[in-house]
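Here is a short report for a reader meeting this structure for the first time. Look over the sequence and the model before reading on.

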Amino acid sequence: MDKIGIFDFGGQYCHLIARRIRDLGVYSDIIYEPSEGYKGFILSGGPGDVYSEESPKLPNNFFQDVNIPVLGICYGHQMIAQAFGGKVERGKEREYGKKIAKINTSSELFKNLKEEEQVWMSHFDQVTKLPEDFENIGETDICLNAAYQNKSKNVFGVQFHPEVIHTPSGDKVLDNFIKITGSKRDWKLEGWIEEKITHLKENIGDKSIIMAVSGGVDSTVAAVLLSKAGVNTHFIYVDTGLMRLSETEEVSNIFQDLQIKNFHVVYSEERFLSALKDVTNPEEKRVIIGNLFIKIFEEKAKELGNFSYLGQGTIYPDRIESAQPSKLANVIKTHHNVGGLPERMNLDLIEPLNELYKDEVRKIGNMLGLPKRFIKRHPFPGPALAIRILGEVTKERLEILRKADAIVTEIIEKNDLYDNLWQVFPALIPVKSVGVMGDKRTYEYMLAIRAVESIDAMTADWSKIPYSVLEDISNQIVNKVSGVNRVLYDITSKPPGTIEYE
Ligand code: XMP
């Protein structure tokens, strides 16, 4: 299979570039070093500046060793210019947002584009002098070298971001780059399932696998694949008592409907609630939940027998981010579902989905016959409702949140808003305020409604959902959920907020 490597220089859109390339039919990988087997490289954007010591650098002798087509985007564009002897300097002003670029459509990179195109810019530094043998192929009013090429070396650079939707012809630019690399478009999900099943059968043989399933799309799709491959797998679902309304029942039904054997539910609410008693620190909560989950999983696994493999629903971004955490970002929250288990259990890993992005997993889930409603479900964090109850987690607070969550989801679905949102949920703020109901004074908790739109959860906008829908949510919650007398709407984007509350 032909593939294109995307160098990650810490840019928030790096995964987006990789996904766009796959959507255009070519397999892509996020990489940090050049290696054999690629038809082209894309150098991503990033927050650094090319002069600073700490900023990511191109590997030594990159352009001596690499003789396949290279496209630099934003920071990558500046790095290439610098590497070939051009000049990068701080611009007079920051260029941010939608801009019009004048481009040279005779360049292979800009084939089928118009001479003036809207592009998305986000930079301060810019290439002020092109290296020798480089030709300018694009400019904006602020950035004179917004695009360049060196045809003989097959090296291209764009200061703008072709991977984001605000560059409407961005896909054409990436498509042209694919053509320049001569890659075959052979990344198709259709043949993938059969190939994966054969591969699993051959590799696992009659050895056995133990796997934790959460009811999330990733682990469920991975479980269905393992089950279709007919390999001997036991699936453990730990009901932590922190789940949403009817969640355990729904997950059990899905496994039953798909006739997946060896599905075990471990009811553990009491253990989780007693471990979380009096704990208010968010990180402490996450660690307690993660560790206890592992403990319960191990106990159940021991009871079930001996296993050679640990199955996981890891998808591509999880793998890259856990392998390279320091390069990408500070640890803001301890995610409890990646890591932890594999180190402790000393079993080899089976991760059937580890080369797929979420939208690809959803497509595979669809092909495998999982219910549509389930596949489209919003992401749900491993520590579940515990991180949506600020402060101590108690049974009473969980009951409140569960009821409110079901109401919010129902209203959002009824108004056809669900699919446009990345996530929507209530969070319980354990502060009491005074209200009045039926002529009586009330003194109850408040709930915040969080509804965000996002592409990859790295950044998110609060959603401007209609007032009438918010009104319905507020009325129904206050009327139907005892213990709550006030509903707030969260209007914080990410950054500076995060999507979850803890
Ligand atoms: P934040 O709150 O960091 O969340 O903006 C980004 C995305 O990650 C989800 N999230 C988690 N997912 N285990 C998960 O599987 C976790 O521990 C976890 N914490 C946050 C969150 O719901 C959002 O989609």
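**Domains**

The model is predicted. The domain assignment of the protein gives three entries: domain 1 (3-181), domain 2 (189-375) and domain 3 (388-489). Between the C-alpha centres of domain 1 and domain 3 there are 43 Å.

**A helix pair**

Helix 6 spans residues 217-228, and helix 13 spans residues 358-367. The two pack at an angle of about 45°, and their axes are 10 Å apart. Helix 6 is therefore oblique to helix 13. Angles under 35 degrees would count as roughly parallel, and 65 to 115 as roughly perpendicular. The crossing of helix 6 and helix 13 is left-handed.

Which residues make the contact? Helix 6 brings Val-217, Asp-218 and Val-221. Helix 13 brings Lys-358, Val-361, Ile-364 and Gly-365. By type, the residues of this contact are four nonpolar, one polar and two charged. Gly counts as polar in this scheme.

Most residues other than glycine have a negative phi, and most peptide bonds are trans. The table lists spots in this model that depart from one or the other pattern.

| Site | Feature | Value |
|---|---|---|
| Lys-494 and Pro-495 | cis peptide bond | omega about -20° |
| Pro-495 and Pro-496 | cis peptide bond | omega about 10° |
| Gln-259 | positive phi, not a glycine | phi about 55° |
| Ala-384 | positive phi, not a glycine | phi near 55° |

Take the cis bonds. Pro-495 takes part in both: one joins Lys-494 to Pro-495, and another joins Pro-495 to Pro-496.

Gln-259 lies in the loop between helix 7 (247-257) and strand 12 (263-267). Ala-384 lies in the loop between helix 14 (372-375) and helix 15 (395-414).

Is Gln-259 buried or exposed? Its relative accessibility is 68%, so Gln-259 counts as exposed; the cut-off for that is over 50%. Ala-384 has a relative accessible area of 2%, so Ala-384 is buried. Buried here means under 20%. Gln-259, then, is exposed, whereas Ala-384 is buried.

Notes. Residues numbered from 1 in each chain as written. Predicted model: local features only at pLDDT ≥ 70, side-chain atom pairs only at ≥ 80, totals over all residues. Heavy atoms only, no water. Axes fitted to C-alpha atoms, helices over the stretch in contact; angles between N-to-C directions. Helix = DSSP H or I, 4+ residues; strand = E, 2+ residues; numbered from the N terminus. Parallel < 35°, antiparallel > 145°, perpendicular 65-115°, else oblique. Left-handed = near helix turned anticlockwise from the far one by under 90°. Contact = heavy atoms within 4.5 Å. Domains from an automatic or database assignment. Buried < 20%, exposed > 50% of the residue type's maximum accessible area, 1.4 Å probe, protein only.
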